[in-house]
Amino acid sequence: MGASASTTRQRILLDCDPGHDDAAAMVVAAHYGDLVGVTTVGGNAPLADVTTNALLTAQIFGIDVDVHPGCDRPLVAEPLNAPEVHGVSGFAGPSLPTLERTASTVGAIEYIIETIRAEDGLWLVPTGPLTNIAMVIRRAPDVVDRVAGISFMGGSAEGGNRTAAAEFNALVDPEAVKVVVDCGARIVMSGLDLTRQFVVDDRLADDLAALGSTGALVFADLIRAYLDKAEERGLPRRGGLHDPCAVLAVTHPEAIERTARPVDVELGGRLTRGMTVVDRRPPANAAGRSSTDRRDANVEHCHTLDHDRCRQLFLDAVAALGSAS
Ligand code: BDR
Ligand code: CA
């Protein structure tokens, strides 16, 4: 365990679509938690690419974990990728080693259900569209009572990134978000309003490069490419390192403040499909109102992040695992 990790080492199933920040989430989960398995879902790039990227991340950082491919398209919507953010492959930037690992022949849905039924108390940490997780909940509703919780990166309480209203993961599969936030498990949400507080900039890339290991240099290049892509779109060379936040909300809860709140997702809406509606009104404000005016709190909405701590935790994780290849 890393020196500054929480005392309880959580057991984690990471469901991801690497993606630069998903790779960061995997390294953080492997260092501060017990990373039991990795599953992939089409999102930042098509399923085959994100599965390759997950295998490469495990290989580069010496993470001994199987990777199980999941859904290649959302429950209802057409597939949507993010080449303008992560490149066509999902992993624009570094020169990458030849892939030596292969994906498991057991698919993500089957793997997640079997693993949760075999061991109570696992954390599910999705950092891509929630398609796989919704499929699991629909097919095996008993998993809801077996997991410790579901800590996801997605949504926002303050507007979107892919559209004015919707964050990318939530926009890709809003129907899946609805299944997850309504499922009754403990749900922890790290949306853009939180994850933009974890600053990714050239200084972070420089600090990674200074670590000098193969893995650290790969991350430095990933981050520079991510910032280059932002600059190409006319944005500042500064953004959020989104996905590790959903892991840190589990492994280092003291670094991320949250409040129980009602959260729902817009499934219609000409302009607002995929928007997560986080009700930040004080409960007293809704006293006496009907249930259509206010739902009960169903989500722990993460809203405040200890930036310096999270940044250092990420650097320490890369320093610890980056020399593996
Ligand atoms: C989310 O979208 C993806 O591009 C990132 O990997 C992250 O999961 C941020 O909106
Ligand atoms: Ca992601």
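This note goes through the aromatic ring pairs of the predicted model.

1. The model is predicted, so local features need pLDDT of at least 70 and side-chain atom pairs count only at pLDDT 80 or more, while totals for chains, interfaces and linings use all residues. Side-chain values use heavy atoms, with hydrogens and water left out, and residues are numbered from 1 along each chain as its sequence is written.

2. A search of the whole structure gives 3 aromatic pairs, where rings of Phe, Tyr and Trp (its six-membered ring) pair if their centres lie within 6.5 Å, and planes under 30 degrees apart count as stacked, over 60 as edge-to-face and the rest as tilted. Among them is the tilted pair of Phe61 and Phe219, at 5.4 Å centre to centre and with 45° between the planes. Because Phe61 sits in the loop between helix H2 (47-60) and strand E3 (67-69) and Phe219 in helix H11 (residues 214-232), this pair ties together parts 158 residues apart in sequence; helices (H or I, at least four residues) and strands (E, at least two) are DSSP runs, numbered from the N terminus.

3. Phe219 also forms an edge-to-face pair with Phe314, at 5.4 Å centre to centre and 85° between the planes. Phe314 belongs to helix H13 (residues 307-321) and Phe219 to helix H11, so the pair ties together parts that are 95 residues apart in sequence.

4. Phe61 is buried at 3% relative accessibility, Phe219 is buried at 1%, and Phe314 is buried at 1% (buried means under 20% relative accessible area, exposed over 50%, partly exposed in between, with a 1.4 Å probe and protein chains only). Ring pairs link Phe61, Phe198, Phe219 and Phe314 into a cluster.

Definitions and conventions:
Chains lettered and ligands numbered in written order.
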